[in-house]
Amino acid sequence: MKGCKAFIIGGSAGSLDVLLKVLPAVSIDIAFPIIIVVHRKQGTDSLLSDLLSSKTRLRVKEIEEKEMILPQTVYIVPSDYHLLIEKDHTFSFDYSEKVNYSRPSIDVTFQSAAEVYTNKLACLLLSGSNADGVNGLITVKSYGGEIAVQDPASAQVDYMPAQAISRANVDHVLQIEDMAAYINALS
């Protein structure tokens, strides 16, 4: 896909290791934001932002309510809130009940972004132990977006990407070492 307007990565158990390997090789010239939705404990937000910013030259920041979405920025979804993408290309938070036992829910963000970015959205689902993200990928695909998953064989916990492969019409199954090149090619 050329002309990507937003790239969203979703993951759970085992996904942090992947992010730490992939982000250093992502070009600082990408023409879109990278939004990261990961399941994690409350209170670890600044630690995650600090850790990821030490691995990339892109700007890394925790999302703030009503913030404008800018390219060349890695956005981290705060724990315990669902992230919504608004039509005016800002972020908003939702504290409704958990989806797939998770808040933030990957499904909620993928589905919200699909409505805004339609066929200019690309999403990647990483390692994890539940099916959060799978329904969101199906929605992204229905809007013409591009969907990719981590090869389950390389995932610490293969359930999440395996479920996506079995239930969604996945465009790409990626090895960890190929993910940065895939992201860079979306610009």
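**Exercise 1: Cysteines**

Searching the whole structure turns up zero disulfides (pairs of cysteine sulfur atoms within 2.5 Å). This is a predicted model, in which local features need pLDDT of at least 70, side-chain atom pairs count only at pLDDT 80 or more, and totals for chains, interfaces and linings use all residues. Residues are numbered from 1 along each chain as its sequence is written, and side-chain values use heavy atoms, with hydrogens and water left out.

Find the cysteine sulfur nearest to that of Cys4, and say whether Cys4 is buried or exposed.

*Solution.* Step 1: the nearest cysteine sulfur to that of Cys4 belongs to Cys123, 8.5 Å away, and Cys4 is in no disulfide. Step 2: Cys4 has a relative accessible area of 3%, so Cys4 is buried (buried means under 20% relative accessible area, exposed over 50%, partly exposed in between, with a 1.4 Å probe and protein chains only). Step 3: Cys123 is in no disulfide either, and at a relative accessible area of 0% Cys123 is buried.

**Exercise 2: Salt bridges**

Work out which parts of the chain are linked by the pair Asp80 and Arg103.

*Solution.* Step 1: the structure holds four salt bridges (a side-chain nitrogen of Lys or Arg within 4 Å of a carboxyl oxygen of Asp or Glu). Step 2: one of them joins the side chains of Asp80 and Arg103, at 3.1 Å from N to O. Step 3: Asp80 sits in the loop between strands S4 (73–76) and S5 (82–85), while Arg103 sits in the loop between strand S6 (91–94) and helix H3 (106–117), so this pair links distant parts of the chain, 23 residues apart (helices, H or I, at least four residues, and strands, E, at least two, are DSSP runs numbered from the N terminus). Step 4: both partners are buried, Asp80 with a relative accessible area of 13% and Arg103 with 15%.

Now try another pair: are Lys141 and Asp171 buried or partly exposed?

*Solution.* Step 1: Lys141 forms a salt bridge with Asp171, with the closest N and O atoms 2.3 Å apart. Step 2: Lys141 is partly exposed, at a relative accessible area of 25%, and Asp171 counts as partly exposed at 32%.
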